[in-house]
Amino acid sequence: MRKLKSILLYTALGLLANTALADADHLADLRTGDMRKLTLHSTPIPLADVGFINQDGSNMTLADYNGKYVLVNFWATWCAPCRKEMPQLSALQTKLGGDRFQVVTIATGRNARPAMMAFFKEIGVDNLPLHTDPTQALAQSFDVFGLPNSLILDPDGNEIGRLRGEADWTSDSAMEILTTLIAAK
């Protein structure tokens, strides 16, 4: 009887593992256009619990967003590709943002709050947070080199995807990938 239970357990675990792999393969198949740059991890990567500055000046960590999928975007006021990408992130937040998904923008490095506010005003963004990582401690802990850089976190706060450089986050491919993730949990 014990042997039968072990066989059933291992069979069930194998089926679950194959299902997870199939889901990852399905997401990878959805990558077209800019989303081809999106690296999807086969295993979620735990992230360091490094703090950053909330838009209200208080300290916070990305663990404050646990319970939902999060697209974390590292940017800077001097970054030309960020200027092009940010309105798309704003549109993404408008379309998908809510209890299960959030776009979180974090200006890394030297970015004065007045310059950040002017940047958002110039490009017509009013629904994304003005968080900062002035010492770049958070960006460095996540091996963020170059801007913009976006990470997709699962509801447990693990990195499940990363895209280096700008992307069209309102593309059909991006929307399909993100809505598939959001619907999965």
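Me: Does Arg162 count as buried or exposed?

Reply: Heads-up first: this is a predicted model, where local features need pLDDT of at least 70, side-chain atom pairs count only at pLDDT 80 or more, and totals for chains, interfaces and linings use all residues. Numbering runs from 1 along each chain as its sequence is written, and side-chain values use heavy atoms, leaving out hydrogens and water. Buried means under 20% relative accessible area, exposed means over 50%, and partly exposed sits in between (1.4 Å probe, protein chains only). Arg162 comes in at 9% relative accessibility, so it counts as buried.

Me: Which residue does Arg162 meet in a salt bridge?

Reply: A salt bridge here is a side-chain nitrogen of Lys or Arg within 4 Å of a carboxyl oxygen of Asp or Glu. Side chains of opposite charge can pair when their charged atoms come close. For Arg162 the N to O distance is 2.8 Å, and the partner is Glu159.

Me: How many residues apart are Glu122 and Arg83?

Reply: These two form a salt bridge, with their closest N and O atoms 3.0 Å apart. The pair links distant parts of the chain, with Glu122 in helix 3 (residues 113-123) and Arg83 in helix 2 (residues 80-96). Helices (H or I, at least four residues) and strands (E, at least two) are DSSP runs, numbered from the N terminus.

Me: What is the omega of the cis peptide bond that joins Leu147 and Pro148?

Reply: Most residues other than glycine have a negative phi, and most peptide bonds are trans. Pro148 is in the loop between helix 4 (137-141) and strand 7. Its bond with Leu147 is cis, with omega at about -5°.

Me: What phi does Gln136 have?

Reply: Gln136 is in the loop between strand 6 (131-133) and helix 4, and it is partly exposed at 33%. Although Gln136 is not a glycine, its phi is positive, about 65°.

Me: What is the relative accessible area of Asp154?

Reply: Asp154 is in the loop between strand 7 (149-153) and strand 8 (159-164). Setting aside neighbours within four places in sequence, Asp154 is in contact (heavy atoms within 4.5 Å) with Pro44, Lys68, Tyr69 and Ile160. Asp154 is buried, because its relative accessible area is 11%.
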